[in-house]
Amino acid sequence: MSQALALSATPRTELGKGPSRRARRAGLIPVVIYGKGFEPAHVTVNRLEFTAIVRHHGLNAVINVDIEGTKQLAMIKSVDQNVLTLEIDHADLLAIHRGEKVEVEVPVVYTGEPAPGTMIIQDADTIRVEADVLSIPEEISVSVEGVEVGTQITAGDITLPEEVTLTDDPELLILNVVYPETADEPVESEEASEGGEQEASES
């Protein structure tokens, strides 16, 4: 991501459960922005706009929050969802600065088809990397085109984008190429077979 996503925010003048519920009914999400050397800011943001950022850019999205003309870069630290509606009820944002490096978890996806008669088992869905706040990849792609059974791809085997550094265990298993499991055919024992033949001959 080379650019931060714009999001307008309004300072909250009332805190607590009651004002938070009223904000949600009005289509807003209560948000707290905090960070090292940053005075925590309690704001509200538009639910539809914030939800679209999370849905389309993930939790590693870098946001340029505009608080009544004052802009602050931030990353999504956590979101709380309503257990019934799954709507976002609250979010914490971490204040960051341009040029700062952060450690994040990035999804790993694979492309291509392995060798015929094999299948891919994905043991880990994400890896931890360090990157500039404006260079965080939304996902990391790994090609499995034509790979043979027995191939194992670890975190250390993955080619990362420029200026992105692996901080996870290089030996962490990500992908494993195996033969598909097949159901064993039931084998009739010789004794059962002989017994069946004897019964047939006696009848």
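Is aspartate 89 buried or exposed? I looked it up: aspartate 89 counts as buried, because its relative accessibility is 18%. The cut-offs I use are under 20% relative accessible area for buried, over 50% for exposed, and partly exposed in between, with a 1.4 Å probe and protein chains only.

**Ground rules**

I am working on a predicted model, where local features need pLDDT of at least 70, side-chain atom pairs count only at pLDDT 80 or more, and totals for chains, interfaces and linings use all residues. Residues are numbered from 1 along each chain as its sequence is written, and side-chain values use heavy atoms, with hydrogens and water left out. Helices (H or I, at least four residues) and strands (E, at least two) are DSSP runs, numbered from the N terminus.

**Salt bridges**

I took a salt bridge as a side-chain nitrogen of Lys or Arg within 4 Å of a carboxyl oxygen of Asp or Glu. By this rule I count five salt bridges.

I started from aspartate 89. Its partner is arginine 24, with the closest N and O atoms 3.9 Å apart. The pair links distant parts of the chain: arginine 24 sits in helix 1 and aspartate 89 in strand 6 (residues 88-95), 65 residues apart. Arginine 24 counts as partly exposed, at 25% relative accessibility.

Next I checked arginine 47 and glutamate 87. Their side chains meet in a salt bridge at 3.8 Å, N to O. Arginine 47 is in helix 2 (residues 47-57), while glutamate 87 is in the loop between strand 5 (70-81) and strand 6, 40 residues apart. Arginine 47 is buried at 10% relative accessible area. Glutamate 87 is partly exposed at 38%.

Then I looked at glutamate 105 and arginine 128, which form a salt bridge at 3.4 Å, N to O. Glutamate 105 lies in strand 7 and arginine 128 in strand 9, so the pair ties together parts 23 residues apart in sequence. Both ends count as partly exposed: glutamate 105 at 42% relative accessibility, arginine 128 at 27%. I also noted a network of salt bridges linking Glu103, Glu105 and Arg128.

Two strands pair if DSSP finds at least two bridges between them.

Strand 7 (residues 101-111) and strand 9 (residues 126-132) run antiparallel, joined by seven bridges. I picked out one partner: proline 107 is bridged to threonine 126 in strand 9.

**Helix 1 and its cover**

I went back to the helix that holds arginine 24. The buried residues of helix 1 (residues 17-25) are Pro19, Ser20 and Ala23. They lie on the same side of helix 1, because they cover an arc of only 100 degrees around the axis. On the other side, Lys17 and Arg25 are exposed. Strand 2 (28-35) and strand 3 are included in what covers the buried residues. Just after the helix, glycine 27 takes a positive phi of about 85 degrees.

Last, I checked threonine 44, which lies in strand 3 (residues 38-46). Threonine 44 counts as buried, at 11% relative accessibility. Contact means heavy atoms within 4.5 Å. Not counting residues up to four places away in sequence, threonine 44 touches residues including Ala23, Leu28, Ile29 and Pro30.

Note on methods
Arc of directions from axis to C-beta.
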